[in-house]
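Take a walk through this chain, from its overall make-up down to a single side chain. Keep the model in view as you read.

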Amino acid sequence: MPRPLARVLTLLELLQSGGIRTVSELADRLNVDERTVRRYAQQLVDLDVPVESVRGRYGGYRLAPGYRMPPLMLSDDEALAVLLGLVAGRRSGPTASTDTASETAAAKIRRVLPERLRRRLDAVLGSLAFTDPPGRAAAAPEPAVLLPIADAVHHHRPVSIRYTAGDGRRSERTLHPYGVVAHSGRWYVTAADPSAGEDRTFRLDRITDVRTLPGAFEPPLGIDPAKRVLTGLATVPYRHEVTLRIRGTAEQIHTRLPAGIALVTELPSQDDTDPATERWCRVELRADRLDWLPAVLASLDRPFVVERPDELRGLVEAFAERLANYARQSPSH
């Protein structure tokens, strides 16, 4: 928001708190000179806000008695964008004051929204989970998709959707949604798919025509929607199935192979007598290509064993040989 506009809105908020505010007081609060305060007050008058000028030694500005701000008229798209932006700001805010400001701003907006829209947005905020660390936010999806799905998650209602898969195939299916997750710049819904008899993960940007169906369902107990999305993405069928053993912790491995790409399982220690001995982890992932993996394994700088496929061993050996050749080259003169 441009700074002058923000100051005009701050002036309005100060006047709404009641009483007469002197020009000098307002100038101090807004960090501007008194002439600028008078200009801001006139801008409010031009917007049909009844700002009254009070003359005299203790004069200043006040709002006309009985004036109340009209309801905030936002479309579903606008309200969703504003509140999701504030949620993202709260996650990425570097200070406690930023976090508090985002929270209080969201509360103010909610108070002046129509009841219908407020309930729908509360359902979104109550069903939302993030996989990314603070500081990274996904662009908001279409409200016509997100709002009814979030409402279904909140009230445990089945929905009917039309879905376009990555290969272009279209289908219509009934889902029992139990979580909305923002991950790596995209939005997903985790749901039970009764026709398939299993849990599934669907991208919201591939969903159209959401309809809430009659009835209700019982969501699974103890389910973690964010973890379910990561697991689902890591187990999508691809051309190659890769299994590795890497010496190190899951946290170390996930610095180069994120949870949305690889499943990491800690293996039992082979030497329980020495607590300082590092354990091994089994790493499983799927990929259409293998040529990127040797560089990733090199960047981990951890002992590893390739269990499958054999093709990956050859790629790692060739990559190591190229690095050795580069290292043996003499500087040009």
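Predicted model: local features only at pLDDT ≥ 70, side-chain atom pairs only at ≥ 80, totals over all residues.

Residues are numbered from 1 along each chain as its sequence is written, and side-chain values use heavy atoms, with hydrogens and water left out.

The chain has 11 helices and 12 strands. These are DSSP runs, numbered from the N terminus: helices are H or I with at least four residues, strands E with at least two. Of the 333 residues, 35% count as buried (under 20% relative accessible area, 1.4 Å probe, protein chains only). Contact means heavy atoms within 4.5 Å. Among contacts between residues at least 6 apart in sequence, 63% join residues at least 24 apart.

Now find helix α6 (residues 115-127) and helix α7 (residues 143-155). Their axes come within 8 Å and cross at roughly 70° (lines fitted to C-alpha atoms over the stretch in contact, with angles from 0 to 180 degrees between N-to-C directions). That makes α6 roughly perpendicular to α7 (65 to 115 degrees). On the α6 side, R120, L121, A123, V124 and S127 take part; they meet α7 residues including L146, P148 and H154. By class, this contact has eight nonpolar, two polar and two charged residues.

Move to strand β5 (residues 170-183), where R173 is found. R173 counts as buried, because its relative accessibility is 18%. Leaving aside neighbours within four places in sequence, R173 is in contact with V159, S160, I161, D193, R200 and F202.

Definitions and conventions
Parallel < 35°, antiparallel > 145°, perpendicular 65-115°, else oblique. Nonpolar A, V, L, I, M, F, W, Y, C, P; charged D, E, K, R; others polar. Buried < 20%, exposed > 50% of the residue type's maximum accessible area, 1.4 Å probe, protein only.
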